[in-house]
Amino acid sequence: MIHYFQSQGQKIALDVYSGAVHLLDDLSYALLDELAVLQNEGLFVPQNGIDDATREEAKARVLSSTPAFSAEEAEEALADLATLIAQKRLFTEDPYADLVLNLRERKTYVKALCLNVAHTCNLDCDYCFASQGKYHGERALMTKEVAERAIDFVLNASGPHRQIDIDFFGGEPMLNWSLVKDTVACARAKETETGKQFRFTFTTNGMLLDEEVTAFLNREMHNVVLSLDGRKEVHDRLRHTIDGRGSYDRIVPRFRAFVKERGDKEYYMRGTFTKNNVDFFQDVLHMANLGFYRLSMEPVIGDPNESYMLGPDDLPTLLGEYDKLAAEMIRRNRLARKVTREGGNINDLAPSDHPFVFYHFMMNLEGGPCIHKRIAGCGSGVEYLAVTPQGELYPCHQFVGEDAFIVGNVWEGITKPEVTEPFKACNCYSHPECADCWAKLYCSGGCAANALHASGSLTGTVPFSCTLFRKRMECALAIQADLALSAQEEN
Ligand code: SF4
Ligand code: SF4
(Lines give C-alpha, C1' and ligand atoms only; values in the text may rest on other atoms or scores of the structure.)
(Ligands and ions follow the chains in the order given, each with its own letter.)
Protein backbone atom coordinates (compact mmCIF):
# COMPACT_ATOMS: atom_id res chain seq x y z
CA MET A 1 0.00 0.00 0.00
CA ILE A 2 1.21 3.50 -0.76
CA HIS A 3 0.13 7.00 0.17
CA TYR A 4 1.29 9.94 -1.89
CA PHE A 5 0.49 13.56 -1.24
CA GLN A 6 1.75 17.13 -1.53
CA SER A 7 2.66 19.13 1.54
CA GLN A 8 4.86 22.15 2.25
CA GLY A 9 5.87 22.33 -1.42
CA GLN A 10 7.04 18.71 -1.48
CA LYS A 11 5.70 15.71 -3.35
CA ILE A 12 5.98 12.79 -0.99
CA ALA A 13 5.24 9.06 -1.22
CA LEU A 14 5.03 6.75 1.78
CA ASP A 15 5.31 3.01 1.32
CA VAL A 16 3.06 1.96 4.18
CA TYR A 17 4.42 -1.48 5.08
CA SER A 18 8.15 -0.86 4.60
CA GLY A 19 7.89 2.66 6.05
CA ALA A 20 10.06 4.00 3.20
CA VAL A 21 9.48 7.66 2.36
CA HIS A 22 10.30 9.05 -1.08
CA LEU A 23 10.59 12.64 -2.22
CA LEU A 24 9.43 12.82 -5.82
CA ASP A 25 9.80 15.27 -8.68
CA ASP A 26 6.76 16.30 -10.77
CA LEU A 27 7.22 13.56 -13.35
CA SER A 28 7.76 10.68 -10.90
CA TYR A 29 4.79 11.89 -8.88
CA ALA A 30 2.55 11.94 -11.97
CA LEU A 31 3.75 8.45 -12.96
CA LEU A 32 3.21 7.09 -9.46
CA ASP A 33 -0.28 8.53 -9.54
CA GLU A 34 -0.98 6.66 -12.80
CA LEU A 35 0.49 3.44 -11.42
CA ALA A 36 -1.83 3.70 -8.43
CA VAL A 37 -4.81 4.30 -10.73
CA LEU A 38 -3.81 1.31 -12.88
CA GLN A 39 -3.50 -0.80 -9.75
CA ASN A 40 -7.00 0.23 -8.63
CA GLU A 41 -8.32 -0.60 -12.09
CA GLY A 42 -6.79 -4.07 -11.70
CA LEU A 43 -4.43 -3.45 -14.62
CA PHE A 44 -1.20 -3.37 -12.61
CA VAL A 45 0.02 -5.90 -10.09
CA PRO A 46 3.21 -4.61 -8.50
CA GLN A 47 5.50 -7.54 -7.81
CA ASN A 48 9.15 -7.30 -8.72
CA GLY A 49 8.94 -4.15 -10.80
CA ILE A 50 6.64 -2.78 -13.49
CA ASP A 51 5.58 -4.97 -16.42
CA ASP A 52 5.99 -3.62 -19.98
CA ALA A 53 2.28 -3.06 -20.64
CA THR A 54 1.92 -1.01 -17.42
CA ARG A 55 5.02 1.04 -18.24
CA GLU A 56 3.66 1.90 -21.69
CA GLU A 57 0.19 2.73 -20.37
CA ALA A 58 1.45 4.90 -17.49
CA LYS A 59 3.87 6.70 -19.79
CA ALA A 60 1.19 7.34 -22.44
CA ARG A 61 -1.28 8.67 -19.88
CA VAL A 62 1.23 11.02 -18.25
CA LEU A 63 2.68 12.32 -21.52
CA SER A 64 -0.77 13.04 -22.94
CA SER A 65 -1.69 15.15 -19.91
CA THR A 66 1.76 16.76 -19.41
CA PRO A 67 3.48 17.01 -22.81
CA ALA A 68 6.33 19.04 -21.25
CA PHE A 69 8.08 15.74 -20.40
CA SER A 70 9.83 13.59 -22.98
CA ALA A 71 9.38 9.83 -23.42
CA GLU A 72 13.02 9.29 -22.35
CA GLU A 73 12.48 11.20 -19.11
CA ALA A 74 9.36 9.17 -18.39
CA GLU A 75 11.18 5.88 -19.07
CA GLU A 76 14.00 6.89 -16.76
CA ALA A 77 11.58 7.82 -13.96
CA LEU A 78 9.64 4.58 -14.45
CA ALA A 79 12.89 2.61 -14.21
CA ASP A 80 13.62 4.31 -10.85
CA LEU A 81 10.12 3.50 -9.59
CA ALA A 82 10.51 -0.11 -10.78
CA THR A 83 13.76 -0.39 -8.83
CA LEU A 84 12.02 0.81 -5.65
CA ILE A 85 9.27 -1.77 -6.18
CA ALA A 86 11.86 -4.54 -6.70
CA GLN A 87 13.64 -3.39 -3.53
CA LYS A 88 10.33 -3.69 -1.62
CA ARG A 89 10.27 0.03 -0.90
CA LEU A 90 7.17 0.87 -2.93
CA PHE A 91 3.83 -0.96 -3.25
CA THR A 92 5.00 -3.41 -0.59
CA GLU A 93 2.53 -6.12 0.40
CA ASP A 94 1.35 -6.41 4.00
CA PRO A 95 3.78 -8.68 5.90
CA TYR A 96 2.10 -8.23 9.29
CA ALA A 97 -1.33 -9.86 8.99
CA ASP A 98 -0.05 -13.19 10.45
CA LEU A 99 1.77 -11.40 13.24
CA VAL A 100 -1.58 -10.11 14.46
CA LEU A 101 -2.77 -13.64 15.24
CA ASN A 102 0.41 -14.15 17.30
CA LEU A 103 -0.25 -10.84 19.06
CA ARG A 104 -3.54 -12.19 20.36
CA GLU A 105 -1.92 -15.37 21.62
CA ARG A 106 1.10 -13.74 23.23
CA LYS A 107 1.60 -13.65 26.99
CA THR A 108 1.21 -10.08 28.18
CA TYR A 109 2.47 -8.24 31.23
CA VAL A 110 1.41 -5.02 32.91
CA LYS A 111 4.33 -2.60 32.68
CA ALA A 112 2.69 0.79 33.16
CA LEU A 113 0.23 2.23 35.66
CA CYS A 114 -1.63 5.48 35.75
CA LEU A 115 -2.07 6.29 39.44
CA ASN A 116 -5.09 8.54 39.93
CA VAL A 117 -3.74 9.80 43.24
CA ALA A 118 -6.35 12.55 43.64
CA HIS A 119 -9.93 12.40 42.46
CA THR A 120 -10.33 16.06 43.16
CA CYS A 121 -9.10 19.27 41.62
CA ASN A 122 -8.44 22.92 42.37
CA LEU A 123 -9.71 23.96 38.94
CA ASP A 124 -13.12 23.62 37.35
CA CYS A 125 -12.37 23.33 33.64
CA ASP A 126 -15.49 23.29 31.46
CA TYR A 127 -14.28 20.46 29.23
CA CYS A 128 -12.87 18.22 32.00
CA PHE A 129 -13.42 14.60 30.97
CA ALA A 130 -12.90 13.66 34.63
CA SER A 131 -15.79 15.86 35.86
CA GLN A 132 -13.45 18.24 37.71
CA GLY A 133 -11.32 15.33 38.84
CA LYS A 134 -14.09 13.30 40.47
CA TYR A 135 -14.69 10.92 37.54
CA HIS A 136 -18.43 11.17 38.17
CA GLY A 137 -17.95 9.82 41.73
CA GLU A 138 -17.00 11.26 45.11
CA ARG A 139 -13.89 13.31 45.80
CA ALA A 140 -11.14 11.00 47.06
CA LEU A 141 -7.41 10.84 47.71
CA MET A 142 -5.36 7.68 47.28
CA THR A 143 -3.97 6.29 50.52
CA LYS A 144 -0.41 5.17 51.12
CA GLU A 145 -1.60 1.58 51.41
CA VAL A 146 -3.28 1.61 48.00
CA ALA A 147 -0.25 3.24 46.36
CA GLU A 148 2.15 0.70 47.87
CA ARG A 149 -0.08 -2.18 46.84
CA ALA A 150 -0.17 -0.73 43.33
CA ILE A 151 3.64 -0.71 43.23
CA ASP A 152 3.76 -4.33 44.44
CA PHE A 153 1.07 -5.31 41.94
CA VAL A 154 2.97 -3.90 38.97
CA LEU A 155 6.28 -5.35 40.16
CA ASN A 156 4.67 -8.80 40.15
CA ALA A 157 2.65 -8.33 36.99
CA SER A 158 5.51 -6.95 34.89
CA GLY A 159 7.14 -10.37 34.37
CA PRO A 160 10.44 -10.06 32.52
CA HIS A 161 10.08 -6.31 31.86
CA ARG A 162 12.73 -4.34 33.70
CA GLN A 163 11.33 -0.88 33.13
CA ILE A 164 8.03 0.14 34.70
CA ASP A 165 6.24 3.39 33.94
CA ILE A 166 4.17 5.14 36.59
CA ASP A 167 2.06 8.20 35.72
CA PHE A 168 0.90 10.40 38.57
CA PHE A 169 -2.46 11.68 37.46
CA GLY A 170 -5.70 13.09 38.83
CA GLY A 171 -7.71 15.27 39.06
CA GLU A 172 -4.79 17.30 40.24
CA PRO A 173 -2.06 15.05 41.72
CA MET A 174 -0.54 17.99 43.60
CA LEU A 175 -3.53 17.75 45.95
CA ASN A 176 -2.02 14.51 47.27
CA TRP A 177 1.59 15.68 47.16
CA SER A 178 2.93 13.84 50.20
CA LEU A 179 1.60 10.57 48.75
CA VAL A 180 3.42 11.26 45.47
CA LYS A 181 6.70 11.67 47.35
CA ASP A 182 6.05 8.57 49.48
CA THR A 183 5.20 6.49 46.41
CA VAL A 184 8.37 7.54 44.60
CA ALA A 185 10.41 6.66 47.70
CA CYS A 186 8.64 3.28 48.03
CA ALA A 187 9.22 2.43 44.35
CA ARG A 188 12.86 3.54 44.41
CA ALA A 189 13.49 1.41 47.51
CA LYS A 190 12.21 -1.63 45.63
CA GLU A 191 14.36 -1.03 42.54
CA THR A 192 17.49 -2.56 44.06
CA GLU A 193 15.80 -5.62 45.54
CA THR A 194 13.85 -6.41 42.33
CA GLY A 195 16.33 -5.27 39.67
CA LYS A 196 13.53 -3.21 38.07
CA GLN A 197 13.58 0.45 37.23
CA PHE A 198 10.76 2.95 37.62
CA ARG A 199 10.16 5.83 35.25
CA PHE A 200 7.75 8.48 36.50
CA THR A 201 5.54 11.00 34.70
CA PHE A 202 3.61 13.77 36.42
CA THR A 203 0.66 15.68 34.94
CA THR A 204 -0.33 18.95 36.59
CA ASN A 205 -2.39 22.09 36.07
CA GLY A 206 0.42 24.05 37.74
CA MET A 207 -1.66 25.86 40.36
CA LEU A 208 0.50 24.60 43.23
CA LEU A 209 3.90 24.47 41.55
CA ASP A 210 6.55 26.00 43.79
CA GLU A 211 10.31 25.71 44.28
CA GLU A 212 10.17 22.60 46.41
CA VAL A 213 7.83 20.80 44.00
CA THR A 214 9.92 21.92 41.02
CA ALA A 215 13.10 20.55 42.56
CA PHE A 216 11.44 17.21 43.34
CA LEU A 217 9.84 16.87 39.90
CA ASN A 218 13.08 17.74 38.16
CA ARG A 219 14.96 15.18 40.20
CA GLU A 220 12.49 12.30 40.05
CA MET A 221 10.20 12.65 37.05
CA HIS A 222 11.28 11.40 33.66
CA ASN A 223 8.54 13.51 32.08
CA VAL A 224 6.27 16.29 33.32
CA VAL A 225 3.09 17.33 31.52
CA LEU A 226 1.94 20.90 32.16
CA SER A 227 -1.56 21.90 31.11
CA LEU A 228 -1.79 25.18 29.19
CA ASP A 229 -4.17 25.98 26.33
CA GLY A 230 -2.24 28.85 24.76
CA ARG A 231 -3.34 32.49 24.68
CA LYS A 232 -4.61 33.95 27.96
CA GLU A 233 -8.15 34.61 26.71
CA VAL A 234 -8.38 31.10 25.24
CA HIS A 235 -6.95 29.40 28.31
CA ASP A 236 -8.97 31.35 30.87
CA ARG A 237 -12.27 30.86 29.07
CA LEU A 238 -12.39 27.14 29.91
CA ARG A 239 -9.66 26.59 32.51
CA HIS A 240 -10.77 28.50 35.58
CA THR A 241 -11.36 28.11 39.30
CA ILE A 242 -14.73 27.16 40.73
CA ASP A 243 -15.55 30.86 41.19
CA GLY A 244 -14.72 31.55 37.54
CA ARG A 245 -11.26 33.12 37.83
CA GLY A 246 -8.92 32.25 34.97
CA SER A 247 -5.74 30.35 35.85
CA TYR A 248 -3.35 31.71 33.18
CA ASP A 249 -1.77 34.48 35.24
CA ARG A 250 -1.13 32.16 38.15
CA ILE A 251 0.36 29.24 36.24
CA VAL A 252 2.40 30.79 33.42
CA PRO A 253 5.08 32.35 35.68
CA ARG A 254 5.26 29.03 37.56
CA PHE A 255 5.63 27.07 34.32
CA ARG A 256 8.37 29.42 33.12
CA ALA A 257 10.32 29.00 36.33
CA PHE A 258 9.82 25.25 36.16
CA VAL A 259 10.97 24.91 32.54
CA LYS A 260 14.00 27.12 33.23
CA GLU A 261 15.07 24.67 35.94
CA ARG A 262 14.14 21.61 33.88
CA GLY A 263 17.18 21.84 31.59
CA ASP A 264 17.24 19.09 28.96
CA LYS A 265 14.84 16.78 30.78
CA GLU A 266 11.58 15.90 29.11
CA TYR A 267 8.42 17.93 29.61
CA TYR A 268 5.39 18.89 27.52
CA MET A 269 3.06 21.82 27.59
CA ARG A 270 -0.23 20.09 26.88
CA GLY A 271 -3.06 22.10 25.41
CA THR A 272 -6.58 21.39 24.23
CA PHE A 273 -8.23 23.21 21.36
CA THR A 274 -11.99 23.62 21.07
CA LYS A 275 -14.58 25.41 18.96
CA ASN A 276 -13.40 28.60 20.72
CA ASN A 277 -9.93 28.41 19.19
CA VAL A 278 -10.13 26.65 15.85
CA ASP A 279 -7.17 28.95 15.01
CA PHE A 280 -5.12 26.86 17.46
CA PHE A 281 -1.89 27.46 15.56
CA GLN A 282 -1.88 30.86 17.30
CA ASP A 283 -1.97 29.08 20.66
CA VAL A 284 0.90 26.77 19.81
CA LEU A 285 2.84 29.80 18.60
CA HIS A 286 1.97 31.70 21.76
CA MET A 287 3.40 28.91 23.92
CA ALA A 288 6.55 28.65 21.79
CA ASN A 289 7.00 32.41 21.99
CA LEU A 290 6.78 32.19 25.78
CA GLY A 291 9.88 30.01 25.60
CA PHE A 292 8.17 26.61 25.88
CA TYR A 293 9.72 24.41 23.21
CA ARG A 294 8.08 21.03 23.89
CA LEU A 295 4.45 21.33 22.92
CA SER A 296 1.38 19.20 22.53
CA MET A 297 -2.12 20.31 21.56
CA GLU A 298 -5.10 18.04 21.01
CA PRO A 299 -8.72 18.46 19.96
CA VAL A 300 -11.22 18.48 22.81
CA ILE A 301 -13.10 15.26 23.50
CA GLY A 302 -16.49 15.18 25.16
CA ASP A 303 -20.23 15.49 24.83
CA PRO A 304 -21.07 16.52 21.24
CA ASN A 305 -23.84 18.77 22.59
CA GLU A 306 -21.42 21.09 24.41
CA SER A 307 -20.93 24.46 22.72
CA TYR A 308 -17.14 24.14 22.72
CA MET A 309 -17.12 20.82 20.81
CA LEU A 310 -15.59 20.67 17.37
CA GLY A 311 -17.43 19.22 14.41
CA PRO A 312 -16.92 18.23 10.77
CA ASP A 313 -17.55 21.86 9.66
CA ASP A 314 -14.37 22.87 11.47
CA LEU A 315 -12.18 20.39 9.59
CA PRO A 316 -11.04 22.67 6.72
CA THR A 317 -9.87 25.30 9.23
CA LEU A 318 -8.19 22.75 11.50
CA LEU A 319 -6.34 21.08 8.63
CA GLY A 320 -5.12 24.51 7.53
CA GLU A 321 -3.86 25.20 11.05
CA TYR A 322 -1.74 22.04 10.97
CA ASP A 323 -0.27 23.21 7.65
CA LYS A 324 0.62 26.60 9.17
CA LEU A 325 2.19 24.86 12.15
CA ALA A 326 4.30 22.57 9.96
CA ALA A 327 5.44 25.55 7.87
CA GLU A 328 6.49 27.44 10.99
CA MET A 329 8.38 24.44 12.35
CA ILE A 330 10.19 24.02 9.03
CA ARG A 331 11.11 27.72 9.05
CA ARG A 332 12.49 27.52 12.58
CA ASN A 333 14.32 24.23 11.91
CA ARG A 334 16.04 25.73 8.87
CA LEU A 335 17.05 28.80 10.80
CA ALA A 336 18.45 26.66 13.62
CA ARG A 337 20.51 24.60 11.16
CA LYS A 338 21.86 27.78 9.61
CA VAL A 339 22.85 29.11 13.01
CA THR A 340 24.57 25.83 13.90
CA ARG A 341 26.36 25.71 10.53
CA GLU A 342 27.69 29.19 11.15
CA GLY A 343 28.99 28.19 14.59
CA GLY A 344 26.25 29.93 16.57
CA ASN A 345 24.16 28.63 19.46
CA ILE A 346 20.48 27.82 18.95
CA ASN A 347 19.76 28.95 22.48
CA ASP A 348 20.69 32.49 21.47
CA LEU A 349 17.73 32.56 19.07
CA ALA A 350 14.75 34.64 20.15
CA PRO A 351 11.75 32.55 21.30
CA SER A 352 9.94 33.65 18.14
CA ASP A 353 12.62 31.90 16.05
CA HIS A 354 13.64 29.04 18.32
CA PRO A 355 12.75 25.55 17.02
CA PHE A 356 10.21 23.55 18.99
CA VAL A 357 8.93 20.01 19.18
CA PHE A 358 5.24 19.34 18.51
CA TYR A 359 4.38 15.98 20.06
CA HIS A 360 1.77 15.07 17.44
CA PHE A 361 4.19 15.62 14.57
CA MET A 362 6.86 13.40 16.07
CA MET A 363 7.92 10.55 13.84
CA ASN A 364 11.04 8.44 13.82
CA LEU A 365 11.60 7.13 10.30
CA GLU A 366 14.69 5.16 11.19
CA GLY A 367 14.08 3.60 14.60
CA GLY A 368 10.55 4.17 15.83
CA PRO A 369 8.54 1.83 18.04
CA CYS A 370 8.69 -1.93 17.43
CA ILE A 371 6.11 -3.38 15.08
CA HIS A 372 4.05 -4.86 17.95
CA LYS A 373 3.61 -1.39 19.38
CA ARG A 374 2.85 0.08 15.97
CA ILE A 375 0.08 -2.48 15.48
CA ALA A 376 -1.33 -2.59 19.01
CA GLY A 377 -0.78 1.00 20.16
CA CYS A 378 -0.82 2.23 23.75
CA GLY A 379 -1.52 -1.17 25.37
CA SER A 380 -4.49 0.04 27.43
CA GLY A 381 -6.18 -2.76 29.33
CA VAL A 382 -3.25 -5.06 28.68
CA GLU A 383 0.13 -3.50 29.39
CA TYR A 384 -1.21 -0.30 30.88
CA LEU A 385 -3.86 0.08 33.60
CA ALA A 386 -5.25 2.93 35.67
CA VAL A 387 -5.61 2.73 39.47
CA THR A 388 -8.29 4.70 41.34
CA PRO A 389 -7.87 6.08 44.89
CA GLN A 390 -9.90 3.06 46.09
CA GLY A 391 -7.46 0.64 44.41
CA GLU A 392 -9.70 -0.46 41.51
CA LEU A 393 -7.99 -1.25 38.23
CA TYR A 394 -9.35 0.07 34.93
CA PRO A 395 -8.08 -0.38 31.32
CA CYS A 396 -6.97 3.30 31.33
CA HIS A 397 -7.86 6.60 32.98
CA GLN A 398 -10.47 7.33 30.27
CA PHE A 399 -12.62 4.43 31.55
CA VAL A 400 -12.46 5.35 35.23
CA GLY A 401 -15.98 5.67 36.67
CA GLU A 402 -17.52 3.19 34.23
CA ASP A 403 -18.11 0.19 36.54
CA ALA A 404 -18.42 -2.31 33.69
CA PHE A 405 -14.74 -1.66 32.93
CA ILE A 406 -13.32 -2.46 36.37
CA VAL A 407 -10.84 -5.26 35.63
CA GLY A 408 -9.65 -5.98 39.18
CA ASN A 409 -7.94 -4.30 42.11
CA VAL A 410 -4.45 -3.79 43.51
CA TRP A 411 -4.93 -6.52 46.16
CA GLU A 412 -6.16 -9.36 43.95
CA GLY A 413 -4.80 -8.25 40.57
CA ILE A 414 -6.85 -8.81 37.42
CA THR A 415 -10.02 -10.57 38.50
CA LYS A 416 -12.00 -10.02 35.31
CA PRO A 417 -9.95 -11.26 32.37
CA GLU A 418 -13.12 -11.23 30.29
CA VAL A 419 -12.99 -7.41 30.45
CA THR A 420 -9.32 -7.20 29.43
CA GLU A 421 -9.64 -9.79 26.62
CA PRO A 422 -11.21 -7.43 24.03
CA PHE A 423 -8.38 -4.95 24.72
CA LYS A 424 -5.83 -7.65 23.91
CA ALA A 425 -7.45 -8.06 20.52
CA CYS A 426 -7.54 -4.29 19.99
CA ASN A 427 -5.17 -3.25 17.21
CA CYS A 428 -5.27 -1.62 13.81
CA TYR A 429 -6.11 -4.98 12.23
CA SER A 430 -9.19 -5.51 14.40
CA HIS A 431 -10.86 -2.27 13.26
CA PRO A 432 -12.65 -2.92 9.96
CA GLU A 433 -12.36 0.76 8.94
CA CYS A 434 -8.59 0.71 9.39
CA ALA A 435 -7.97 -2.02 6.80
CA ASP A 436 -7.43 0.42 3.95
CA CYS A 437 -6.03 3.31 5.98
CA TRP A 438 -2.49 4.29 5.04
CA ALA A 439 -1.84 5.68 8.53
CA LYS A 440 -2.59 2.48 10.45
CA LEU A 441 0.98 1.67 11.44
CA TYR A 442 1.34 5.15 12.98
CA CYS A 443 -2.09 5.23 14.59
CA SER A 444 -2.47 1.57 15.68
CA GLY A 445 -6.24 1.88 15.36
CA GLY A 446 -6.65 4.93 17.56
CA CYS A 447 -7.75 5.34 21.16
CA ALA A 448 -10.04 2.50 22.36
CA ALA A 449 -11.84 4.78 24.84
CA ASN A 450 -12.58 7.42 22.22
CA ALA A 451 -13.76 4.71 19.82
CA LEU A 452 -16.09 3.25 22.44
CA HIS A 453 -17.50 6.57 23.58
CA ALA A 454 -18.05 7.88 20.04
CA SER A 455 -19.03 4.73 18.14
CA GLY A 456 -20.21 2.31 20.82
CA SER A 457 -17.48 -0.20 19.98
CA LEU A 458 -13.90 -0.62 21.13
CA THR A 459 -12.99 -1.42 17.54
CA GLY A 460 -14.92 1.45 16.03
CA THR A 461 -13.32 4.57 14.59
CA VAL A 462 -14.04 8.28 14.86
CA PRO A 463 -13.88 9.68 11.31
CA PHE A 464 -13.34 13.26 12.52
CA SER A 465 -10.32 12.22 14.62
CA CYS A 466 -9.03 10.01 11.80
CA THR A 467 -9.00 12.94 9.36
CA LEU A 468 -7.01 15.05 11.83
CA PHE A 469 -4.65 12.18 12.61
CA ARG A 470 -3.86 11.55 8.94
CA LYS A 471 -3.23 15.25 8.42
CA ARG A 472 -0.80 15.29 11.36
CA MET A 473 1.07 12.36 9.86
CA GLU A 474 1.33 14.13 6.50
CA CYS A 475 2.74 17.19 8.26
CA ALA A 476 5.16 15.00 10.21
CA LEU A 477 6.35 13.39 6.99
CA ALA A 478 6.73 16.79 5.33
CA ILE A 479 8.88 18.01 8.23
CA GLN A 480 11.03 14.87 8.04
CA ALA A 481 11.30 15.27 4.26
CA ASP A 482 12.47 18.85 4.69
CA LEU A 483 15.08 17.76 7.23
CA ALA A 484 16.40 15.13 4.81
CA LEU A 485 16.38 17.57 1.92
CA SER A 486 18.22 20.24 3.89
CA ALA A 487 20.83 17.72 5.04
CA GLN A 488 21.35 16.76 1.40
CA GLU A 489 21.66 20.40 0.32
CA GLU A 490 24.17 21.07 3.08
CA ASN A 491 26.46 18.19 2.01
S1 SF4 B 1 -7.18 20.69 35.81
FE2 SF4 B 1 -7.56 18.71 34.81
S3 SF4 B 1 -8.66 17.46 36.32
FE4 SF4 B 1 -8.75 19.60 37.01
S5 SF4 B 1 -10.72 20.36 36.20
FE6 SF4 B 1 -9.11 20.90 34.73
S7 SF4 B 1 -9.08 19.21 33.23
FE8 SF4 B 1 -10.20 18.47 35.08
S1 SF4 C 1 -6.59 7.00 11.33
FE2 SF4 C 1 -8.60 6.04 11.75
S3 SF4 C 1 -8.89 4.57 10.06
FE4 SF4 C 1 -6.70 5.12 10.13
S5 SF4 C 1 -5.75 3.56 11.40
FE6 SF4 C 1 -6.28 5.28 12.73
S7 SF4 C 1 -8.31 4.77 13.58
FE8 SF4 C 1 -7.95 3.45 11.78
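Reply: Happy to. One term to begin with: a residue counts as buried when its relative accessible area is under 20%. Also keep in mind that this is a predicted model.

Me: Okay, how many residues of strand E4 are buried?
Reply: Five of the five residues in E4, which spans residues 112-116, are buried, so the strand is largely enclosed by the rest of the structure.

Me: Which residues sit on each side of E4?
Reply: Ala112, Cys114 and Asn116 are on one side, with Leu113 and Leu115 on the other. Both faces are covered. In general, side chains in a regular strand alternate between the two faces of the sheet.

Me: And what order do the strands of the open sheet come in?
Reply: The order is E12-E11-E10-E9-E8-E7-E4-E13-E14-E15-E16, eleven strands with mixed pairing.

Me: Which ones are the edge strands?
Reply: Strand E12 (357-358) and strand E16 (413-414), each of which pairs on one side only.

Me: What about E7 and E8, in what sense do they pair?
Reply: Strand E7 (residues 163-169) and strand E8 (residues 197-204) pair in the parallel sense, over six bridges. One pair to look for is Asp165 with its bridge partner Arg199 in E8.

Me: Which helix lies across E8 and strand E9?
Reply: That's helix H7, residues 211-220. H7 runs at about 130° to E9, which covers 221-227.

Me: I clicked on Ser227. Where is its place?
Reply: Ser227 is in strand E9.

Me: Is Ser227 buried or exposed?
Reply: Ser227 has a relative accessible area of 12%, which means it is buried.

Me: What is Ser227 in contact with?
Reply: Setting aside neighbours within four places in sequence, Ser227 is in contact with Thr204, Asn205, His235, Arg239, Ile251, Phe255 and Arg270. For a sense of scale, Ser227 and Ala86 are 48 Å apart, C-alpha to C-alpha, and 141 residues apart in sequence.

Me: Changing topic: how many residues of strand E2 are buried?
Reply: Six of its six residues, 10-15, are buried, and the strand is mostly covered. Gln10, Ile12 and Leu14 are on one side, and Lys11, Ala13 and Asp15 are on the other.

Me: In what sense do E1 and E2 pair?
Reply: Strand E1 (residues 2-7) pairs with E2 in the antiparallel sense, over six bridges. Phe5 stands opposite Ile12 in E2. The two strands form a hairpin with two residues between them, and Gln8 in the turn has a positive phi of about 50°.

Me: How many residues are between E2 and E3 in their hairpin?
Reply: Five, and Gly19 in that turn has a positive phi of about 80°. E2 and strand E3 (residues 21-24) pair in the antiparallel sense over four bridges. Leu14 has Val21 as its bridge partner in E3.

Me: Now helices. At what angle do H5 and H6 cross?
Reply: Roughly 30°, with the axes of H5 (residues 144-157) and H6 (residues 177-194) coming within 10 Å. That angle makes H5 roughly parallel to H6. The crossing is right-handed.

Me: Which residues meet there?
Reply: From H5, they are Lys144, Ala147, Glu148, Ile151, Asp152 and Leu155. From H6, they are Leu179, Asp182, Thr183, Cys186, Ala187, Lys190 and Thr194. The contact divides into six nonpolar, two polar and five charged residues.

Me: And at what angle do H2 and H3 cross?
Reply: Helix H2 (residues 52-65) and helix H3 (residues 71-86) cross at roughly 130°, and their axes come within 10 Å. The two helices are therefore oblique to each other. Their contact is made by Arg55, Ala58, Lys59 and Leu63 of H2 with Ala71, Ala74, Glu75, Leu78, Ala79 and Ala82 of H3. By class, that contact has seven nonpolar, no polar and three charged residues.

Me: Great, thanks for the tour!

Technical notes: Residues numbered from 1 in each chain as written. Chains lettered and ligands numbered in written order. Predicted model: local features only at pLDDT ≥ 70, side-chain atom pairs only at ≥ 80, totals over all residues. Heavy atoms only, no water. Axes fitted to C-alpha atoms, helices over the stretch in contact; angles between N-to-C directions. Parallel < 35°, antiparallel > 145°, perpendicular 65-115°, else oblique. Left-handed = near helix turned anticlockwise from the far one by under 90°. Contact = heavy atoms within 4.5 Å. Nonpolar A, V, L, I, M, F, W, Y, C, P; charged D, E, K, R; others polar. Pairing = 2+ DSSP bridges. Buried < 20%, exposed > 50% of the residue type's maximum accessible area, 1.4 Å probe, protein only.
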